[in-house]
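Take a look at the sequence and the 3D structure shown here.

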Amino acid sequence: MGVLIAVEGLDGAGKRTLIDRVVANLRARGLRAETLAFPRYDRSVHADLAAEALRGAHGDLADSVHGMALMFALDRATARDDLSKLLADNDIVILDRYVASNAAYSAARLHQSADGEIVRWVGELEFGRFELPVPTLQLLLDVPTEVAAERARLRGELDDSRALDAYERDGGLQRRTGEVYRELAERDWYGPWSRYRSDDDPATLTIRLVEIVAG
């Protein structure tokens with residue numbers, strides 16, 4: 001059974017770039033490594049409904065914090081078999097967003113901290129009721145909110161399919177989400193966390209992940 005690593009952070013934090021570099025390094029070392037990104041847009045009806053809601057569709061769905069959190073949770077729940085197969089076939093599986101993203105964004109929308117009701121509800125729903133696997137390590141890609149926002153804006157200008165949604169356009173929400181993420185990391189919410197910054201060396205992270213797999 002492979003090791004499960006979740007990479008978390010704001011929109012535009014650079015998660016995909018970091019994951020691609022680390023996976024390439026892991027494969028170069030002879031490890032079987034795969035990735036999976038959440039939400040699974042264009043593959044999951046729940047993810048697509050959530051994305052459409054964030055762009056004004058489906059009435060007042062986007063106004064419901066619990067409703068949107070449930071859509072994202074159902075996306076992961078329906079991917080459980082695929083995730084289990086990836087873990088069975090590989091030494092390490094690295095996720096681009098996972099359950100903590102649901103907890104962080106939901107808490108930020110409600111102006112709650114990591115100790116709030118919605119964070120507890122998300123954890124109990126996804127890890128408890130939906131029985132999703134708990135990561136061996138959760139990695140917070142911690143970059144300044146302004147840097148992440150500018151990257152997300154430029155990405156949207158270059159690719160119409162990645163135009164900013166309601167969450168990404170809300171600078172206050174992004175700032176609060178970053179704060180909740182840091183609180184989750186400090187509390188080691190559902191297992192150990194590590195914080196990674198833009199100027200950290202991906203090779204160092206690769207070595208740590210290799211040690212985790214070997215252990």
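This is a predicted model: local features need pLDDT of at least 70, side-chain atom pairs count only at pLDDT 80 or more; totals for chains, interfaces and linings use all residues.

Residues are numbered from 1 along each chain as its sequence is written, and side-chain values use heavy atoms, with hydrogens and water left out.

Two packed helices are described by the angle between their axes and the distance between the axes. Here the pair is helix α2 (residues 45-53) and helix α3 (residues 65-77), whose axes come within 7 Å and cross at roughly 150 degrees. That angle makes α2 roughly antiparallel to α3. Helices are DSSP runs of H or I with at least four residues, strands are runs of E with at least two, and both are numbered from the N terminus. Axes are lines fitted to C-alpha atoms, for helices over the stretch in contact, and angles run from 0 to 180 degrees between N-to-C directions; those over 145 degrees count as roughly antiparallel.

From α2, the contact is made by His46, Ala47, Leu49, Ala50 and Ala53, and from α3 by Met68, Met71, Phe72, Leu74 and Asp75. Contact means heavy atoms within 4.5 Å. By class, the residues of this contact are eight nonpolar, one polar and one charged. Ala, Val, Leu, Ile, Met, Phe, Trp, Tyr, Cys and Pro count as nonpolar, Asp, Glu, Lys and Arg as charged, and the others, Gly among them, as polar.

The structure holds two cavities of 30 Å³ or more. A cavity is a set of points on a 1 Å grid over the protein atoms alone where a 1.4 Å probe fits but cannot get out, and lining residues have an atom within 4 Å of a point. A volume is the space filled by probe spheres set on the points.

The largest cavity has a volume of about 50 Å³. Its lining includes Gly9, Leu10, Asp142 and Arg182. β4 (137-141) and α9 (171-186) each supply at least two lining residues, and the largest share, three residues, comes from α9. By class, this lining has six nonpolar, two polar and two charged residues.

The second largest cavity holds about 40 Å³ of space. Among the residues lining the second largest cavity are Ile5, Leu18, Ile94 and Leu209. The largest share of that lining, three residues, comes from α1. By class, the lining of the second largest cavity has nine nonpolar, no polar and no charged residues.

Definitions and conventions: Angles under 35 degrees count as roughly parallel, over 145 as roughly antiparallel, 65 to 115 as roughly perpendicular and the rest as oblique. On a 1 Å grid over the protein atoms alone, a cavity is a set of points where a 1.4 Å probe fits but cannot get out, and a pocket is an open set with protein on both sides within 12 Å along at least five of seven lines; lining residues have an atom within 4 Å of a point.
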